[in-house]
Amino acid sequence: KAWTTHWILLLIEDITERKQLEQQVQSAHLAEVVLATARDPLLILNADLRVHSANEAFYKTFHVSTAATEGQPISELGNGQWRIPRLRQLLEEVLPRNCHFNDFEVTHDFEGIGRRVMLLNGRSLAGDGAPERILLGIQDITEVLQFQAAARESAEKFKALFEGSPLPMWAFDLETLRFIDVNQAAVGHFG
C-alpha cells in the first residue's frame, strides 16, 4: 500500500511538472509571436541588462545585426549610444522592485539613423518559472514631434495673417454657425 501511494504521488508530481513545462513553452512561444509581430522596436534584456533578444523592428530601425546585439550589454550597443545613466537606473529597478517605467524620453544622435527622439517603456517579464527578464519597448516619436511643431508654426502664421489682414475676416463653426474669431478689420468695419 505504501509503495502504491508513493508511486501515485510520483506520478502526480511528474504530471504537475510536465504541465508546468508545457505552460512555460506556451508562454515562451506567445512571447516570441508578440515580439515578432510588434511594429515598434523591442528588446528583451536579461537581469544583467544584456540583450537576450530583439525583434525585427529593432534591427531594421537601428541598422544592426543579431550578432552585434544579442548577448551584448545594452550600454554597449551601437558604440555606447544607449549608455544613459538614467536609463540604466530605471532598468536596474524593474526586477528587484517589480516596477515599470513609461515614456522615458531619449533624444540622441543614433549611429546610422541620425538625431531621433525615442520614448522607452520597461516592464518585467518574470513569471512561470522562466528567468527574470525585462521587456524594453522603444517608440520613435521624432516625426510626430516634427509634425506637431509644423502644425503649431502653420497655426501661428495663419493667426498672424488673419489678424493682420486689412480685409474684414471672421471664422465660424460650420456646425453651429457661431463666430470663433473676428479680425480687427471686421470689428472696425462692422462694429
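**Entry 1: aromatic pairs.** I looked up ring pairs and found five aromatic pairs, where rings of Phe, Tyr and Trp (its six-membered ring) pair if their centres lie within 6.5 Å, and planes under 30 degrees apart count as stacked, over 60 as edge-to-face and the rest as tilted. I noted that F62 and W82 pair edge-to-face, at 5.6 Å centre to centre and 75° between the planes. F62 belongs to helix α2 (residues 56-62), while W82 sits in the loop between α2 and α3 (85-97), 20 residues apart. Helices (H or I, at least four residues) and strands (E, at least two) are DSSP runs, numbered from the N terminus.

**Entry 2: source.** I recorded that this is a predicted model, in which local features need pLDDT of at least 70, side-chain atom pairs count only at pLDDT 80 or more, and totals for chains, interfaces and linings use all residues. Residues are numbered from 1 along each chain as its sequence is written, and side-chain values use heavy atoms, with hydrogens and water left out.

**Entry 3: burial.** I checked accessibility, where buried means under 20% relative accessible area, exposed over 50%, and partly exposed in between (1.4 Å probe, protein chains only). F62 is buried at 2%, and W82 is buried at 3%.

**Entry 4: a second pair.** I found that W82 and F110 form a tilted pair, 5.2 Å centre to centre with 45° between the planes. F110 lies in strand β3 (residues 101-110) and W82 in the loop between α2 and α3, so this pair ties together parts 28 residues apart in sequence. Ring pairs link F58, Y59, F62, W82 and F110 into a cluster.

**Entry 5: whole chain.** I counted five helices and seven strands in the protein chain. Buried residues make up 27% of its 191 residues.
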